[in-house]
Amino acid sequence: MSNAADFELLLRQALTPVDPPADLPERIEATLVNLTEMAADELEAWELSAMRDPRNWVRPAAAVVVGTTAGAALVLLRARQRRRSRSRA
């Protein structure tokens with residue numbers, strides 16, 4: 001019976017809820033802004049003449065996907081923050 005109690009105690013300790021760090025939203029926002037800017041920089045450096053070779057399509061395509069995804073996530077994050085700040089006021 002002692003093993004079962006120890007197991008339950010271990011499970012209870014392992015499954016204790018953990019609060020996220022206080023600066024998590026700022027870190028996520030900074031990361032998304034950084035990804036969006038890096039994708040925009042990659043697309044700015046891209047030359048149209050290089051598009052003749054399909055092997056050169058990977059980097060611009062990846063930059064478009066990353067930039068679009070990060071930008072959309074950033075918009076959603078900021079909209080959620082605004083909604084929360086309005087509900088608190």
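Reader: Is L43 buried, partly exposed or exposed?

Author: L43 counts as partly exposed because its relative accessibility is 31%. The cut-offs: buried is under 20% relative accessible area, exposed is over 50%, and partly exposed lies in between (1.4 Å probe, protein chains only).

Reader: What sort of model is behind this?

Author: The model is predicted: local features need pLDDT of at least 70, side-chain atom pairs count only at pLDDT 80 or more, and totals for chains, interfaces and linings use all residues. Residues are numbered from 1 along each chain as its sequence is written, and side-chain values use heavy atoms, with hydrogens and water left out.

Reader: Where does L43 sit?

Author: In helix α2, residues 24-45. Helices are DSSP runs of H or I with at least four residues, numbered from the N terminus.

Reader: Which residues form the nonpolar patch on the surface?

Author: L43, W46, L48 and V64, with about 360 Å² of accessible area together. Patch residues have over 30% relative accessible area and no salt bridge; nonpolar side chains (Val, Leu, Ile, Met, Phe, Trp, Tyr) are joined within 5 Å, like charges within 9 Å. Areas come from the Shrake-Rupley method with a 1.4 Å probe; for residues, only the protein chains shown count as cover.

Reader: Switching to charges. How many salt bridges does the structure hold?

Author: Five. The criterion is a side-chain nitrogen of Lys or Arg within 4 Å of a carboxyl oxygen of Asp or Glu.

Reader: What does E29 pair with?

Author: E29 bridges to R78, with the closest N and O atoms 2.8 Å apart. That pair links distant parts of the chain: E29 is in helix α2 and R78 in helix α3 (residues 58-88), 49 residues apart. R78 is partly exposed, at 34%.

Reader: And D53?

Author: D53 forms a salt bridge with R55, closest N and O atoms 2.8 Å apart. R55 is exposed, at 68% relative accessible area, while D53 is partly exposed at 24%.

Reader: Pockets now. What volume does the largest pocket have?

Author: About 260 Å³.

Reader: Which residues line the largest pocket?

Author: P20, P21, L24, P25, I28, L77, R80, Q81, R84 and R88. Both α2 and α3 give two or more residues to that lining. The largest share, five residues, comes from α3.

Definitions and conventions:
1 Å grid on protein atoms, 1.4 Å probe; cavity = no way out; pocket = protein on both sides within 12 Å on 5 of 7 lines; lining within 4 Å. Points joined across faces, edges and corners; volume = space filled by probe spheres on them.
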